[in-house]
Amino acid sequence: MSSSRSEIQEKLERLNRGLTGIATPAADRVRGDLAAAIYHCGRGAGTVEAAISEAGTRPSARLPIIGIIGGTGTGKSTIVNRLLGSELSATSFRRTFTAGPVLITRDALPGGFAALIHMDADARPARGQSDRVTIIRSDEPILGELALVDTPDIDGELVEHHAVADRIFRWCDAIVFLVSPEKYQMPELQPYYRLAQRYVLPALYVMNKADSAAVVEDYEQLLVRTGTPSPTVLAVARDDATWQPDPSRTLDAATIRTLQINPSDAGLHARVADVVGRVNDQLLQPLLERRSRIDRIINHLNALTSDAVEMDVHPITQQLQRRMREKSVLYLIGPQRVLDRIRSVPSMIVRMPVALSSRPSSGPEAT
């Protein structure tokens, strides 16, 4: 951990190459997390607002990427479209409608972002696909400063949706946690609150479809209980609600611009420690245990084929061993076969004189 970012990145890349050829779900997950940690090693410090003054020199591929994370029916796609002022991400009254990450940007993405295939959307609004990042190019003003990612639900029926949302969370430079009055207590989000604190990841907490100040305050108390220091919950009122939040606590493009994108060494070290621990727990230890079992089997097989050690034993023991061998031979032959052998003795005796009498007799010995 005392190494520089470039040294840590080099070591992670070497570890990633060492995992080539291991084809298991755990290895795929570890490779994805390693790639995310490598990506964050190359991130420089800065803010979203700083991107404006650096637009002429800062590569567009390094603009901050903001992920929208939430549960079913919280309105993630609707919020993305509202921030951009255009219908780009597909919405529906159906739950779990967004099938994969939909990334809206003005220019190019970092190579290999999210360790998934990148595909330009063939229609707008886009629903996305679970095994790739669907990209929508747009000229909305805010996209000169950042890129937005709409993600699948983390509490839907399809497990692959949860995995994709988790992957996007680990790749993003900042997160917008989106809940609703019906969903703000969902347990699936609480581990991500703690991870955001552990990785020093900038985050906004937003309640969509809010209809009272009490539910917003209760959400703030829940965040405090999960370890979020001094959280401020932004609110977007339900369309038919009579209650309206304070204008300073609403979500809009200007609020997104206040996010401080400043990757810290402590957050990076926590990411690296977690991914290295996962490599050890989910890949190396199972491999070592498997190798140990194989070695034990090989030792047992070698013991079966090794030569017996010659040793002197007591005469009584030798006699017992001889009798046991005789009994074991009789046991292996079987009683019926022993009787058959005994019955065959007279016939053998009878055949012997016949064979001798057939020989011609001559000389004094014959008489």
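Leu284, Leu287 and Leu288 make a nonpolar surface patch of about 270 Å² in this predicted model. Leu284 belongs to helix α9, which covers residues 265–305. With a relative accessibility of 40%, Leu284 counts as partly exposed, because partly exposed lies between the 20% limit for buried and the 50% limit for exposed.

Helix α9 is also among the elements that cover the buried residues of helix α5. Others include α2 (25–41), β1 (65–70), β5 (147–150), β6 (174–179) and α6 (190–198). Helix α5 runs over residues 159–171, 13 residues in total. From first C-alpha to last, α5 reaches 19 Å, close to the 18 Å expected at 1.5 Å a residue. Its buried residues are His161, Val164, Ala165, Asp166, Ile168, Phe169, Arg170 and Trp171.

Helix α6 holds Tyr193. Apart from neighbours within four places in sequence, Tyr193 is in contact with Phe177, Val179, Tyr205, Tyr219, Leu222, Leu223, Thr226 and Thr228.

Thr228 sits in the loop between α7 (213–225) and β8 (233–237). With neighbours within four places in sequence again set aside, Thr228 is in contact with Tyr193, Gln197, Tyr205 and Leu223. Tyr193 and Thr228 are 35 residues apart along the chain, and their C-alpha atoms are separated by 7.2 Å.

| Residue | Relative accessibility | Class |
|---|---|---|
| Leu284 | 40% | partly exposed |
| Thr228 | 5% | buried |
| Tyr193 | 0% | buried |

How values were computed. Residues are numbered from 1 along each chain as its sequence is written. This is a predicted model: local features need pLDDT of at least 70, side-chain atom pairs count only at pLDDT 80 or more; totals for chains, interfaces and linings use all residues. Side-chain values use heavy atoms; hydrogens and water are left out. Patches are made of residues with over 30% relative accessible area and no salt bridge: like charges are joined within 9 Å, nonpolar side chains (Val, Leu, Ile, Met, Phe, Trp, Tyr) within 5 Å. Accessible areas come from the Shrake-Rupley method with a 1.4 Å probe; for residues, only the protein chains shown count as cover. A salt bridge is a side-chain nitrogen of Lys or Arg within 4 Å of a carboxyl oxygen of Asp or Glu. Helices (H or I, at least four residues) and strands (E, at least two) are DSSP runs, numbered from the N terminus. Buried means under 20% relative accessible area, exposed over 50%, partly exposed in between (1.4 Å probe, protein chains only). Contact means heavy atoms within 4.5 Å. The expected span of a helix is 1.5 Å times one less than its number of residues.
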